Each structure stands twice: as C-alpha cells, then as structure tokens.
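Dear colleague,

Please find below the structure that I am handing over to you. My notes on what was found in it follow directly after.

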Amino acid sequence: MTDHILVERQGTVQIIRMNRPDKKNALTRAMYAKMSAALAEGDADPAVRVHVFLGVPGAFCAGNDLADFLVVATGGEGGTEVWDFLMALAKVEKPMLSGVDGIAVGIGTTLNLHCDLTFATPRTLFRTPFVDLGLVPEAGSSLLAPQILGRQGAFALLGLGEGFSAERAKAAGLIYEVVAEDALERSVLAAAAQIAAKPPQALKIARDLMRGSGEELVARIKVESEHFRERLKSNEARAALTAFMTRKKVS
Ligand code: COA
C-alpha cells in the first residue's frame, strides 16, 4: 500500500503527514491506525517533544473516507480505528501543532480543536457538514467548539455547517495564526522547535492545567460516537453518503 501517512522526525519534533492527495487526504481506517500509533510512540519516546500534523498542498484533510462510512451505513463493520484515534487525540501527552492548507473538512477541522497551536493559510476553509450528511459532531467537537467559539459560533460551524475561512477561524479563536502557503510548514516547524526547547516538565504541567483532566472530553466523545454509529445507519445518512459516492462530476 502506498504510504498514506508519513511519519518523520526533525530533531525532537515528530511530523505526522497525511499523504493521500488523490483523495484530498480523506482518512481510511489504516490511516487512522497509523496516526494513533505515531502519537503513542511519540508520547512514549523521550526523544520526541512535540507532534505536528501536516497535509499536502491544498488539502489538509477531506474528513473520514465516505466510502468507509457507506460500508457501515449499509450494514458492514466499522472497526475501532476511528475510536482509537479520537482517544489518542484526547489523551495525548505532548503538545500537538497543526499546519492546515486548503481543504479541512470533518475530522480535518475537528482534529485542530485538540491542537495547542494551529497555523492555516489564507485559502483554507474549515467545514464540518456532519448534519448535512445526516450525522452528528464527533471528536469531542460538540464540547470543544462551544468552549472555543461560543454557542453561536459553534452552531454556525457544527449546526449550519458554515465554512470558516482562515481569517474567520483566527478571529473566532479556532486557530493561532494565518500564514502564506509558502511559509506554512516553516512557521509550524519553527513554533514546534520553540516549544521543544522549553523545559519539558514545566511545559507538561502548564499544558495539563490548560486542558484539564480530559474526563469530560472522553465522556463526550463516547456519547457522540454512540449517536454517530446510530446515525450512520439512518436513512438520512445512507442517502447523503450514497449521493456523494455516486455523484457525477461536472468537468
Ligand atoms: N471520502 C472519500 N473520497 C473523497 C472524500 C471523502 N471524504 N473527499 C474527497 N474524496 C475524493 C473524491 O471522491 C474524488 O475522488 P475521484 O477523483 O476518484 O472521483 C477525489 O477525492 C477528489 O475530490 P473532488 O471532490 O474531485 O475534489 P474537490 O476539490 O472538487 O472537492 C471536497 C473537495 C473535499 C470539497 C469534496 O471532495 C467533498 O466535499 N468531499 C467530502 C467531504 C466530506 O463530506 N467529508 C466527511 C466529513 S464528516
């Protein structure tokens, strides 16, 4: 299989790169599994101080692979890979940064709610069309988005499914900084190196204090996941997923 997730180290920074450009970095079960393993390995390794998520030019991530969703929607098995990844995000012990360029849909948006710093380019559009797909918010976003964006901002993102440009996302507190495309990776890696140079124990305590125990987050992800699994089997979701997978492209 082509390597759809590339994991590399630059000094004490671990880079997890989504690398499935032909599908705009839509995430398969194998991709989730590899990202979970990278987070666990990086957390366990004292030589790693920071995790960084990156995509490819123009596509950070188009969300869960909708073909995989359709498998579950039509009675197939979903596996535990998504759940494992969401738990990894909620419980990761080292700072996580992300550099987002272009498409950021579904988990491509909600992943960033778990990051300590997110940089995005001007052409980035954050979007979570869960409700339009007959689904519900995931990855703890129903808890984290209202905390970050307020109730109305969260509803605009998660309920209305409005797109948030990078500028709007910055103004709303969803991301840290907007940087030009050619400066994105440099900026994220510079911030990562800056964080990696901090006294790790003090940094860990500071981060833990800011994030809280995580118990509420884990409990929320569990409730969301129960709804999500139910919703995937609904007529609403089946119809929306089938419509996407069988759409005719206008060229
Ligand atoms: N799952 C599976 N395949 C996906 C995908 C997804 N989430 N997102 C994109 N793809 C595939 C497309 O089917 C297409 O495949 P093909 O070339 O074999 O036909 C390829 O990636 C390129 O996508 P395309 O739609 O042509 O690119 P675009 O730039 O016009 O649009 C998106 C990009 C992301 C806006 C659009 O593909 C889209 O809306 N995807 C669905 C996003 C989504 O709903 N994610 C789930 C959120 S819960």
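**Strands and sheets**

Strands S2 and S3 pair in the parallel sense over five bridges; strands here are DSSP runs (E, at least two residues) and helices likewise (H or I, at least four), numbered from the N terminus, and two strands pair if DSSP finds at least two bridges between them. The model is a predicted one, in which local features need pLDDT of at least 70 and side-chain atom pairs count only at pLDDT 80 or more, while totals for chains, interfaces and linings use all residues. Residues are numbered from 1 along each chain as its sequence is written, and side-chain values use heavy atoms, with hydrogens and water left out.

Strand S3 (residues 50–54) is largely enclosed by the rest of the structure, because five of its five residues are buried (under 20% relative accessible area; exposed is over 50% and partly exposed lies in between, with a 1.4 Å probe and protein chains only). Val50, Val52 and Leu54 are buried on one side of S3, and His51 and Phe53 on the other.

Strand S2 (residues 13–18) also pairs with strand S1 (residues 5–10), in the antiparallel sense and over six bridges. Isoleucine 5 stands opposite methionine 18 in this pair. S1 and S2 form a hairpin with two residues between them, and glycine 11 in the turn has a positive phi of about 60 degrees.

A further open sheet has four strands in the order S4-S6-S8-S9, with mixed pairing. Its edge strands, S4 (59–61) and S9 (164–165), each pair on one side only. Strands S6 (residues 103–105) and S8 (residues 125–127) run parallel and are joined by three bridges; valine 105 has arginine 127 in S8 as its bridge partner.

**Helices**

The buried residues of helix H7 are Leu184, Val188, Leu189, Ala191, Ala192, Ile195 and Ala196. Seen down the axis of H7, they fall within an arc of 160 degrees, so they line one face of the helix; the arc is that of the directions from the helix axis to the C-beta atoms. Arg186 and Gln194 are exposed on the face turned away from that buried side. The cover over the buried residues of H7 includes S1, S2, S3, strand S5 (96–100), strand S7 (117–120) and helix H8 (200–211), where contact means heavy atoms within 4.5 Å.

In helix H9, Leu217, Ile221, Glu224, Ser225, Phe228 and Leu232 are buried. These residues fall within an arc of 110 degrees about the axis of H9, so they line one face of the helix. Exposed residues on the other side of H9 are Glu215, Glu216 and Glu230. The buried residues of H9 pack against helices H2 (66–73), H3 (81–91), H5 (141–159) and H10 (235–245).

**Ligand surroundings**

Around the ligand there are 18 residues, of which Lys23, Ala62, Leu66, Arg247 and Lys249 come nearest (a residue is near if one of its heavy atoms lies within 4 Å). An oxygen atom of the ligand is 2.6 Å from an N or O atom in the side chain of lysine 23. Arginine 247 has a polar side-chain atom 2.9 Å from an oxygen atom of the ligand. A polar backbone atom of asparagine 64 lies 3.0 Å from a nitrogen atom of the ligand.

Yours sincerely

Methods. A polar contact is a pair of N or O atoms within 3.5 Å; within protein, one must be able to donate a hydrogen and the other to accept it, and residues adjacent in sequence count only if both atoms are side-chain atoms.
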